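These are my notebook entries from an afternoon with one structure, written down in the order in which I looked things up.

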Amino acid sequence: MGATPPADNVLTDRLLRSWLRCRRRAWLDRHGDPALRQWTAHRNLMLDDQQRCFVALLPQKPGRGEAACAVGADGVVGLRFKGKGPGGEALEAHPPLLRRVSGRSRWGDFAYQPVLARQGRRMTREHQLPLALMALLLEQEQQAPVTEMLVVGGGGRRLERDRVGLSAGLRKQLVDALRKLRLDLQREEPPDLAADRRKCTLCSWRQVCNGVAASDGHLSEVSGIGAKRREMLQELNIRGLADLAAADPEQLATAMQRFGEQHGDVARTLVAQARCQRSGQPERLSSRPALPELIAAPGVLLYDIESDPDARHDFLHGFWCLPRGSDGRWDLAAARYQPLLVLAEHGEPRCWQRIARYVSRYDDWPVLHYGETESLALLRMAQRQGISEQQQAPLRRRLVDVHARIRQHWRLPLNSYGLKAVASWRGFQWGQSGVDGAHALLWWRHWQGEGPERRGSSHALRWIFQYNRDDCRATWAVADWLRHQDQAGGS
Ligand code: SF4
C-alpha cells in the first residue's frame, strides 16, 4: 500500500494503461530515464476530473485501506493489490476507488467493485482492461467474484455511469494484453513511435520521442501525415522524410491513387512539404497578399479563447488591442489586453453583451484569430443570443483566421502549422515556458474552486490571462510576418 515502486518484473494497471495508449510509452515508463520525463497538466486534469466524479458518486468521504474494507465502508481508497495472473506473472493494481456492492466476501455480507473515472465522452479498452486487472486482483483479495465494474464520467458536472461486466471475453483480452505487454517490456529497444502522433501531445515522454522522430526523419514529422497515410507510404517503400522528399511527385501520386483518387492529389502536396522541411525555406503559394485587411486598418484586435472542452464551455475571451499610430506603424507600446470571462453566474446574455460592446468599440478593426475555434464560438454565441444573420454579417467580415491564411498562401518548413510551432519559428517566446491549453484549463479549475463564494487563488487567474495574452501576441507575431511578406511581395 506504500509508495514503494513495483519490482522490475511486475505488471501494473498503470503500465497496462500506458501500453494500451502507446506500446513505446509502457517501455519508456519502465526503462526510460525519469529525468527526461516532462510534467503534463493532463494527468492533473485527469485526477481533478476523477475527484469530482467520485464525490458525485459517493458524497461521503471514502475510508482508507483494508481496515475500511473490514468495516464495510461504502467507498475505499488507498489499496494496492498484489497477486498472480493466469500465466503466473506478478501483478499489481492500485484501484482509485472501491465501491461496496451486494455479495459475500471475506470481510462480511458485502463485496467490492473497482471504479475508474474516464475523461472524454466514451469508455474504451484503456478503461476496461486496467479495470479488469484491478478486478482480477480484487477477487483474490476479497475471496469473492467481481461480476461488474464501474466506469464513471462527466467530470462531476453530471454523473455518467458505464457498467462493465467481467466477462470471459474481457478476461481473455486481459490475458492476451498482459502477455504482449510482458514481451514488449523484455525488448532491448523501445517499440516504434506511436502511429498516431497526436497522442504524443498528452504524453510525458513527448520531448524524448520528438527528438527521436526529428533525428530519424520519421514520416510522422512531415506535416499532413497521420497514421493512415504513413501506412500507405510505407507500403510504397517510403520510409522517412528523406525518401519522401526524394520521391517523384507524379509517380507517387499515381502509386497512391490505388488507395483512392484523393490520395493522388495529396501525394504531390506531401512531397512538396517534405522538400520544404528539408530545405528549411518557406515557400510562397500565392501571389496575392495574405492579409489585405491590414493594409489600411487603423488597428487590429487579436482574439483568443480558452475552453473547457468536456464542459463545452469557453470560459475566457481574450483580446489584445493593437492600434496603429498616425505614422502608420503598429504601436506595440500602446497595445492593451482585455480579458472577458464567461462565468455561469453571469449568464451568457450578459457575457455576449460585454463582448459585443467591446468589439464594436473598434468598429472597423479586423479581428485576427488563429484557427476556426474563435470565429465558430463567437458566431454561435451570437446565434444563441438571437442575433440575426444580417446583424452578424459585419462581425463575420471582420473575423480573419490567420491560420487559414498561412495555409492558403505559404508552405512552411515545419512539422506543424499550429500556433506554437509557427510563432516559435518566427522567434516568438511565451512568457511561461512549457505551458499549454491544458495548463490554462487546470488553472481555471483551481480558480473556480467551489463556486462564486469559494474561489481559489487569484494567481491562477493571472496566469491564465498571461497565457491567453501571449497567445494573442503570438498570433500577431505570425500575422506581422505575413504582413511583411505581403509588403515584400516574395519569400
Ligand atoms: S510521446 Fe508519443 S510515441 Fe512517445 S511514448 Fe508518448 S505517445 Fe508514445
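This is a predicted model: local features need pLDDT of at least 70, side-chain atom pairs count only at pLDDT 80 or more; totals for chains, interfaces and linings use all residues.

**Entry 1**

Next I followed the pairings one by one. β1 and strand β5 (residues 90-93) run parallel and are joined by two bridges, and I found that Thr 12 has Glu 92 in β5 as its bridge partner. β4 and β5, by contrast, pair in the antiparallel sense, over four bridges, with Leu 91 of β5 as the bridge partner of Gly 83. I also wrote down that β4 and β5 form a hairpin with five residues between them, and that Gly 88 in the turn has a positive phi of about 85 degrees.

**Entry 1: helix α1 and its contacts**

I turned to helix α1 (residues 13-21), which packs with helix α5 (residues 125-142) at an angle of about 155 degrees, the axes being 9 Å apart. Since angles over 145 degrees count as roughly antiparallel, that makes α1 roughly antiparallel to α5. The crossing of α1 past α5 is right-handed. On the α1 side I listed Asp 13, Leu 16, Arg 17, Leu 20 and Arg 21, and they meet residues of α5 that include Arg 125, Glu 126, His 127 and Leu 129. Sorted by class, the contact of α1 with α5 has six nonpolar, one polar and five charged residues.

How does α1 lie against helix α6 (residues 168-186), and at roughly what angle do their axes cross? The axes of α1 and α6 come within 10 Å and cross at roughly 85 degrees, and the two helices are therefore roughly perpendicular to each other. From α1, the contact is made by Leu 15, Leu 16 and Trp 19, while the residues from α6 include Leu 174, Ala 177, Leu 178 and Lys 180. By class, the residues of the contact of α1 with α6 divide into eight nonpolar, no polar and two charged.

**Entry 2: the six-stranded sheet**

I moved on to a sheet of six strands, also open and with mixed pairing, whose order is β2-β3-β6-β7-β8-β9. At its edges stand β2 (63-64) and β9, each with a single partner strand, so one side of each is left without a neighbour in the sheet. β8 and β9 run antiparallel and are joined by six bridges; among the residues of β8 and β9 I looked up Val 151, whose bridge partner in β9 is Asp 162. Helix α3 (residues 41-57) lies across β6 (97-101), β7 (111-117), β8 and β9, and I noted that α3 runs at about 140 degrees to β7.

Arg 163 forms a salt bridge with Glu 148, and their closest N and O atoms are 3.6 Å apart. This pair links distant parts of the chain, with Arg 163 in strand β9 (residues 160-165) and Glu 148 in strand β8 (residues 148-153), 15 residues apart.

**Entry 3: helices α17 and α18**

Last, I looked up helix α17 (residues 437-448) and helix α18 (residues 458-488), whose axes come within 8 Å and cross at roughly 150 degrees. α17 and α18 are therefore roughly antiparallel to each other, and α17 passes α18 in a left-handed crossing. Gly 437, Ala 440, Trp 443, Trp 444, His 446 and Trp 447 of α17 meet Ser 458, Ala 460, Leu 461, Trp 463, Ile 464 and Tyr 467 of α18.

Notes: Residues are numbered from 1 along each chain as its sequence is written. Side-chain values use heavy atoms; hydrogens and water are left out. Axes are lines fitted to C-alpha atoms, for helices over the stretch in contact, and angles run from 0 to 180 degrees between N-to-C directions. Angles under 35 degrees count as roughly parallel, over 145 as roughly antiparallel, 65 to 115 as roughly perpendicular and the rest as oblique. A crossing is left-handed if the near helix is turned anticlockwise from the far one by less than a right angle, and right-handed if clockwise. Contact means heavy atoms within 4.5 Å. Ala, Val, Leu, Ile, Met, Phe, Trp, Tyr, Cys and Pro count as nonpolar, Asp, Glu, Lys and Arg as charged, and the others, Gly among them, as polar. Two strands pair if DSSP finds at least two bridges between them. A salt bridge is a side-chain nitrogen of Lys or Arg within 4 Å of a carboxyl oxygen of Asp or Glu.
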